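Subject: Structure handover

Hello,

Here is the structure you are taking over.

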Amino acid sequence: MIGDILKNVYQCLFLFLLGISLSCTKATESQLSALDPTSSNPTINSAPTVSLGADKIFRLPINSAVLAATASDTDGTIANYSWSQISGPNNAIFENSNVSSKTFSGLIQGTYTLRVSVTDNRGAVATDELIMTVQALTQTDAYVSATDDWWLDPVTSFIPQIVGKKLDPNQVVTRNIWYIYPNEPVLGNSSTDTISVSNIETKNYVLKYVIQKVTSGDYFAQQFMTIFRAVEFTPTELASGLSIKNLRDLDMKNMVEYPTKLPPVNHPRLLGTNSDLFQEVTVLDQMPCSSQPIEGLGAIPNFRDKWDSASFGYYKCKGQNLTTFATNPQTLEYFKPTPVFNQKRDYRILFIIRRLQNCFATTPTACGYTQTDFSDFKNRFIAAQMAEFNQNWITDPNNMLVYSNWNYGHFPYDIYSGEPYRYWTTYLDTLWSDLTQTQKNFLKIQMSYRIDAWLENVRKKDWGYSNGNNWNGSQAEGLVAWALTFYYEEPVRAKAVLQSVIDGLWLHRDYYMNTGYYKEGASYIAVSYLPLMRAHRMLVAAFGTQLRSMKWDYFPKLSEFFKQSIGSDGLAFGFGDAYTRNGNAHLIPLTAMLIKEVIKQSPIGSIPLNSCDVRDAFKNIYYASFLDDPWGFEPAYARDWVQIVSTCNDASAQTGTSKVLYDSLGQEGLIKTFMPGSTVMGALPASLRWKYADETSVGFSGTPNTFAHREMDFGALVWGAYGSRLIDDWGYGNIVDRNVMYSVIKNLDFLPQGSNTLSVPDAFDKNADGSIIPDTNRSQLFGQSGQVFIETISNVEHVRMDGSIVYGSNHVDGVMEYFDRYIIPFGDGNYVIADSFKLKGAMTSRVQENFYASYMTNRDATEPADCQNLSLHKDLALISPKVISIKPRCSQVGSKRMSEVEGSITFDSLSDGAFQLNAAPQQLPGRTGLDDARSRYFIYQPNVAVNSDIRLFSLAASPKSQTHVPAVISHAACQTGKFCFAVQMKGVTKNYRFSIIGGRYKLESIY
């Protein structure tokens, strides 16, 4: 009866009842039918929305798929889910129950159309369909049947049985071949379907199974089999009595399968509820005010000012108390006609919004802003952000929406995806109740494409997931943020993503080694550590438990390693594919010292700190931009750091004091000599960092070339003195293709020719018939490792690097019987490098020593003139056949300052030879295709081919307050079968005597 009456009224009455308008047009059928006659206040029922995401394609033998429906209703709730199959080659197996996700199984080759319908609590219905294509195995397919990872305890032996399969058991094959990377463990019979593997080391392995058919060439198939083996338990893990597998399973149980604590049901939920989050950061809000400098090179940042600026938008300690968003430095951009998008600033704005959400819900009179002003700003912010988001999405050839800068290009979700995912999930989570359903759906759908692609990579164990290196740490943060943001809205995929993150961090576990060494070197710690810690913080807030994959017991040692990786030029001395970092733009050493507070195992402020260790952590700071992120601002930072550092009074920096800082697992280290009072910069009080200007150092690397991002560069050196670098490692070049691993033309940087070490020009790779391949060089061999020793001779502590094995002493392709490199402090901040070697048998070659120094690039052509950006440029000159002059133009310790050092390298050897200075700079293309590195290089080479030699090189440097005089080196046969080298530097002469010991010339004494 009510329906008949309402169908005869005009829209003016219809809208009048709704309190909307008095426009008098006839109401439509849909508008009328949406009226709820049972309500005392009739309203329109908005239809729900539902999405199944992108269409799916996969290949047999996988024959099941999980479909997850993302549904919502703006004015009610979802009451029912109904699933159906519209078409397909057979009837898939599923149960049409009222759930948001459904498993379809029993699938065969063909195309299926599947549908979900959702009904809201007032009867409105929405549907979505998905096309699922199931492809058959082709004749080129083979696969490995063991798909589960092996998680191993520290054991002495292990032999997994892994079975490879072919599509057609009747195929005629000549052989089945197994390959395993990255090293050469012992394979069983590699021509059978079943393989055994032994001699497994601590790393992740990739197995490749190849079928070769008689008539039509090779069939290739690849399956990633990850084999994880812990080096050892940490003390905490050992005390638990659990196995590695038990610990990994606990992570899965507590964070995926049966968590005892769940994330908040309502948004925002990242880092807990608003109440949880702001209770945690109360200790930061209560930090005392300070007048210390805010940021700078080697300064102690004003933590309270940095926190207030990042989390409030203004400096409360300076008396600021803003009450309008139009005057807040963080938010005023959105009151301009065309706001400029800045993700770092806008990430801070989201924190301010959450702070005010909490404030208006608890103490609205103390928020400083009005509700009206707050709502107006959020509307401005949302409108500008959505416009930016829409503008930056593009459509790729496969009709998949892809954000223009959300990935590196190799994988849809990769190392570059973390930042945008972190931002846009936080945006969604924070503003969930302020966004329209259309806006939320658009953001969800676009991010969903990459999540599907990520899960497919996980299923296939593609490199971007299974490699185990810094990618696993860097990817974790964005993935965890997505999974928690959609924990209840996309429960199936959210849990799958969380499981993949936990597995990936277990793969990454042993990159953090037990001595504190990070396996990819100092320059890569930040790539993994910072996003890993932020992901961990979100997981703890959501599930109330710690990740067991990380070796938390050893993180304080990580702090020490990181600090000791900084040379006398203020730069990290990383080798191989390393970035030349200016100290650190973050507080990894500090957070690692405080790790038990950071992971909530100890109360804030309870860990005692060594004041000089803290001073050294701040000494390495290159500005304080890491404190601009309130979401990553650790509560453990709430200390009076100025007072702590003021109590440091160590006496280690005595004139001429040398010490060796060395890691036995990483096989690399640094020799430092302290020379207080040498430079003008070192005497200035402005910066802790500038104290490096009164030091000299030589970094050395014997790191195994099988470590990630490492090269065949055993014996490589970097040399810095008085605030500037004199000899560089070349840094990050192109990724090495195994097929051209020994190519001098294509992979110069990967070989010893591209590092400051020794190389053998005639160590050619060979064809199957024994003929040489001119483009190649096997001076050092991949998979072979040398040794590093800290020794003392004649009361002089020094480093001896034995590269005999890495140069092939026990390998058929090797060229050397032995190679020793000594790195010896001379005194007065100078050093001696001594090399002794012998080639195999009667082989001779013009064995050369390589040296590289950075050269100005086109992109920093103006830097040496004004030294704005800490340019690494050096001017080189050939003073004589035995002496090279090196003059850095700029200091690397202090910006806008010219270098205060002049250096030189002098040589002498048993063979006659000379330095050769390359007239033009050598150019090394980087990963991005840009000319990322240019160097001038010089080599020492004997005049004729030799079978053996002893060579000495002086690394002499003087501050510009002194007149630099290059060293003088001479040698003579001092006794039968013994050779003595005399080195004179700064009026001091020292003699180095070599004798035959164990069939090789070794350093016997220094006098």
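This is a predicted model: local features need pLDDT of at least 70, side-chain atom pairs count only at pLDDT 80 or more; totals for chains, interfaces and linings use all residues.

Disulfides

A disulfide is a covalent bond between the sulfur atoms of two cysteines. The structure holds 5 of them. If the bonded cysteines are counted along the chain, the pairing reads 1-2, 3-4, 5-6, 7-8, 9-10.

Cys289 is joined to Cys317, with an S to S distance of 1.8 Å. The torsion about this S-S bond is -80°, and the link of Cys289 and Cys317 is left-handed. Cys289 sits in the loop between helix 7 (282–285) and helix 8 (303–311), while Cys317 sits in the loop between helix 8 and helix 9 (343–362), so the bond ties together parts that are 28 residues apart in sequence. Cys289 has a relative accessibility of 48% and therefore counts as partly exposed. Cys317, at 24%, also counts as partly exposed, because the buried class requires a value under 20%.

Cys867 and Cys890 form another disulfide, with 2.0 Å between their sulfur atoms. Its S-S torsion is about -85°, so the disulfide of Cys867 and Cys890 is left-handed. The bond links distant parts of the chain, 23 residues apart: Cys867 is in the loop between helix 23 (863–866) and strand 33 (874–880), and Cys890 is in the loop between strand 34 (883–888) and strand 35 (901–909). Both Cys867 and Cys890 are buried.

Cys974 and Cys980 are also bonded, their sulfur atoms 2.0 Å apart. Here the torsion about the S-S bond is about 75°, so the disulfide of Cys974 and Cys980 is right-handed. Cys974 counts as partly exposed because its relative accessibility is 34%, whereas Cys980, at 9%, counts as buried.

Helix packing

How are helix 12 and helix 15 arranged relative to each other? Helix 12 (residues 437–460) packs against helix 15 (residues 491–508) at an angle of about 50°, and their axes are 11 Å apart. The two helices are therefore oblique to each other. The crossing of helix 12 and helix 15 is left-handed. On the helix 12 side the contact is made by Ser448, Ile451, Asp452, Trp454, Leu455 and Val458, and on the helix 15 side by Arg493, Ala496, Val497 and Ser500. Sorted by class, this contact of helix 12 with helix 15 has 6 nonpolar, 2 polar and 2 charged residues.

Regards

Notes
Residues are numbered from 1 along each chain as its sequence is written. Side-chain values use heavy atoms; hydrogens and water are left out. Axes are lines fitted to C-alpha atoms, for helices over the stretch in contact, and angles run from 0 to 180 degrees between N-to-C directions. Helices (H or I, at least four residues) and strands (E, at least two) are DSSP runs, numbered from the N terminus. Angles under 35 degrees count as roughly parallel, over 145 as roughly antiparallel, 65 to 115 as roughly perpendicular and the rest as oblique. A crossing is left-handed if the near helix is turned anticlockwise from the far one by less than a right angle, and right-handed if clockwise. Contact means heavy atoms within 4.5 Å. Ala, Val, Leu, Ile, Met, Phe, Trp, Tyr, Cys and Pro count as nonpolar, Asp, Glu, Lys and Arg as charged, and the others, Gly among them, as polar. A disulfide is a pair of cysteine sulfur atoms within 2.5 Å. Buried means under 20% relative accessible area, exposed over 50%, partly exposed in between (1.4 Å probe, protein chains only).
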